[in-house]
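Please look over the protein shown here before reading on. The paragraphs below go from the whole chain to single residues.

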Amino acid sequence: LILQEQEQEEQEEQPRMNSNQLSLLLVLVCFLAGHVLAQAVTPQNCKGQPNELPITTTAPTAWREVPNGRAFLAGNVEPQIKVIHMWGTAYDQGRAQGELLKDILPEYMDEVLNYIYEQIDEVIKPYLPLKWRQMIEVNGTAAALDLTYDLTKPYIPQYFIDECHGIADGSGVDFETILRLSLLPELIQAHCSMVGAWGAAIANTDGTLYQLRALDWDTNGPFQKQPVLLVYHNEAGSGNTYSVVGYAGMVGAFTGFSDAPMGICEKVWLSYEGHQSRVGIPWTYLLRDILQWDHTNEDAVNRIHSAKRTCSIFIGLGDATPDFNVVQYSNEVVNVFNNTYQPTWAAHPQYQDALYVDKHKQPSNDPCLGSLIGTYYGDLDATTIMRKVAPVHETGDTHIAVYDYAANMMYVSNCGVVPEGGDDGEPAYNRPFTGFNMTELFALQPPTTTTL
C-alpha cells in the first residue's frame with residue numbers, strides 16, 4: 001500500500017501534456033517515422049555503379065555553315081555530338097542537314113541499312129507479328145520498310161516527306177534510303193526507361209521538373225558513329241523551336257525537347273495483347289509533332305487520342321506546369337498515368353510527384369529503379385539521375401537525355417563506337433554527359449551564308 005501511494009504521488013507530480021502539446025508530439029513522431037522510412041530505402045537488385053565522369057557544359061564550337069544551316073561540335077568525348085541547326089521550310093531544313101553532312105551521309109546510311117539487313121533476326125523480327133516476319137523472310141527488310149511507308153503514307157504530314165526529299169537532295173543519298181531509315185523505328189521499339197520527378201520528389205533541389213529518357217536498344221551497330229542534336233528553327237506559324245536527339249539522316253523523334261517547353265520519352269509496351277496495326281501515323285512522327293506543335297501535356301494527350309495509332313509503346317511527357325505523364329499508347333488503347341492515377345503493378349512502389357517505368361517488360365518484377373527513386377527521393381535532380389540512377393540501373397545503353405526544365409538544360413550521353421575487335425560500344429550510361437543550354441541553342445541566329 002505504501003509503494004502504491006508513493007507511485008501515485010510521483011505520477012501526480014509529473015507534468016501532463018495539454019492537447020496542443022500532444023498534437024505537436026504526434027506530428028513530430030509522424031515526421032520522424034516518415035524520415036526514417038525514406039532513409040531506409042536502399043537500392044535493390046541493382047547491378048551498375050555510379051557514373052562520376054565529368055559533365056561538360058562548355059558551348060559547342062562552330063564547324064560548318066550552309067544556306068539555312070549551321071553545324072557545331074559538342075562534348076569532350078569521341079565521337080563528338082554534331083549539333084545541326086536548320087531554318088526555313090521543311091524542305092530547306094532537310095536540305096541544310098544533307099548539305100552539312102554531305103561527306104558523311106552516303107557511306108553512313110549504307111552502313112546502317114546493311115547492318116539492319118544483316119541483323120534482321122535480332123533487331124527487327126522479335127517485335128513483329130508472324131505475318132510480317134514471314135514476309136521479311138521471303139521479300140527482305142527493304143520490302144517491309146517500303147510496305148510500312150505504303151500503309152502509313154496517308155497519315156504522314158507532307159512536311160515529313162518534304163524534309164526527306166531535302167536531305168536526299170542535299171546529301172546525294174536517294175530518297176528511298178532516307179525514308180526507309182526514318183521508318184525503321186516503326187518496325188521496332190526499344191527496351192527503355194523513363195522517369196519524371198517534381199514537387200516533393202525534388203524538394204531539396206532548385207528545380208521544377210527533371211525527366212529521364214534512357215534508350216536501351218543497340219550497342220554493337222554503326223548508329224553511334226554519327227550522333228546528332230538536331231535543332232529546328234521554324235518559320236512563324238510553323239510551330240515551336242525544338243530539338244531532337246538522334247542519328248544523322250533520320251527524320252522523326254524518339255528523344256527531344258522543345259522551347260514550349262516539352263520533353264518526350266518512349267518505351268516498347270511488350271505486354272500489350274490487343275490489336276496491333278501498321279496503318280496510321282508512325283509513332284516517331286507523332287512524337288515529333290508533339291515537340292513542334294504542342295505546349296502542354298494536355299495538348300499532347302489530345303493529339304494522341306485523336307491520332308490513327310499503330311504499335312504499342314509507352315510515351316513519357318513533361319511540360320512546364322510542371323507535370324509528367326506516362327501514356328500507354330496502342331492502336332486501341334490510351335491510358336494516362338499521372339500523380340493521381342499511378343501504375344499499381346507489383347514490385348512498383350508509388351511515390352508522390354514521381355512517375356517511372358523501368359527498362360524491363362511491364363509489369364516488371366525488378367525492384368532496382370523503384371528503390372533508387374526511394375533512395376534519392378527529394379534529391380532527384382539532373383546530376384543525381386545522371387550519376388546515381390541511370391548507371392546504377394544500367395539503363396540507357398544506346399543514349400540518354402536528361403531534361404532540367406527550370407534551368408532549360410538538356411544533358412546527353414551516347415553509346416561509344418564499337419572498338420576494333422570488340423563486340424559492343426561502351427554504354428551511354430557509363431560515358432561522359434554533355435550539357436546543352438537550350439535557351440542559347442534555341443536563340444541562335446541563322447547563317448549569313450547564302451550560297452554553297
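A residue is called buried when its relative accessible area is under 20%, exposed when this is over 50%, and partly exposed in between, using a 1.4 Å probe and protein chains only. By this rule, 56% of the 452 residues of the protein count as buried. The model is a predicted one, in which local features need pLDDT of at least 70 and side-chain atom pairs count only at pLDDT 80 or more, while totals for chains, interfaces and linings use all residues. Residues are numbered from 1 along each chain as its sequence is written, and side-chain values use heavy atoms, with hydrogens and water left out.

The protein has 14 helices and 16 strands. Here helices (H or I, at least four residues) and strands (E, at least two) are DSSP runs, numbered from the N terminus. A contact means that heavy atoms lie within 4.5 Å. Among contacts between residues at least 6 apart in sequence, 68% join residues at least 24 apart.

Next comes a sheet. Two strands pair if DSSP finds at least two bridges between them. Six strands form an open sheet in the order 13-4-5-14-15-16, and their pairing is antiparallel. Which strands are at the edges? They are strand 13 (354-357) and strand 16 (434-437), each of which pairs on one side only. On average, neighbouring strands of this sheet are turned by 10° against each other, direction ignored. Such angles run from 0 to 180 degrees between N-to-C directions, and the axes are lines fitted to C-alpha atoms, for helices over the stretch in contact.

At one end of the strand order, strand 4 (residues 193-198) and strand 13 run antiparallel and are joined by 4 bridges. Ala-197 stands opposite Ala-354 in strand 13. Helix 12 lies across strand 4 and strand 13, and runs at about 160° to strand 13.

A disulfide is a pair of cysteine sulfur atoms within 2.5 Å. How many does a search of the whole structure find? The search finds 1. The disulfide is formed by Cys-46 and Cys-368, with their sulfur atoms 2.0 Å apart. This link is right-handed, with 115° about the S-S bond. The pair links distant parts of the chain, 322 residues apart: Cys-46 is in the loop between helix 2 (19-40) and strand 1 (61-66), and Cys-368 is in helix 12 (residues 368-375). Cys-46 is partly exposed because its relative accessible area is 22%, whereas Cys-368, at 1%, is buried. Cys-265 is in no disulfide, and the nearest cysteine sulfur, that of Cys-192, is 9.2 Å away. Cys-265 has 0% relative accessibility and so counts as buried.

Aromatic side chains give another set of pairs. Rings of Phe, Tyr and Trp (its six-membered ring) pair if their centres lie within 6.5 Å; planes under 30 degrees apart count as stacked, over 60 as edge-to-face, and the rest as tilted. The whole structure has 17 aromatic pairs. One of them is stacked: the rings of Tyr-232 and Tyr-242 have centres 4.7 Å apart and planes at 10°. Since Tyr-232 lies in strand 6 (residues 227-234) and Tyr-242 in strand 7 (residues 242-247), this pair ties together parts that are 10 residues apart in sequence. Tyr-232 and Tyr-242 are both buried.

The pair of Phe-257 and Tyr-405 is edge-to-face, because the ring centres are 5.2 Å apart and the planes are at 70°. Phe-257 lies in strand 8 (residues 256-258) and Tyr-405 in the loop between strand 14 (399-404) and strand 15 (409-414), so this pair ties together parts 148 residues apart in sequence. Are these two residues buried or exposed? Phe-257 is buried, with a relative accessible area of 0%, and Tyr-405 is buried, at 7%.

Trp-269, Tyr-272, Phe-314, Phe-337, Tyr-341 and Trp-345 form one aromatic cluster.

Last, consider Leu-105, which is in helix 4 (residues 105-118). Leu-105 counts as buried because its relative accessibility is 0%. Not counting residues up to four places away in sequence, Leu-105 touches Gly-98, Ile-167, Ser-171, Val-173, Ala-248 and Gly-249.
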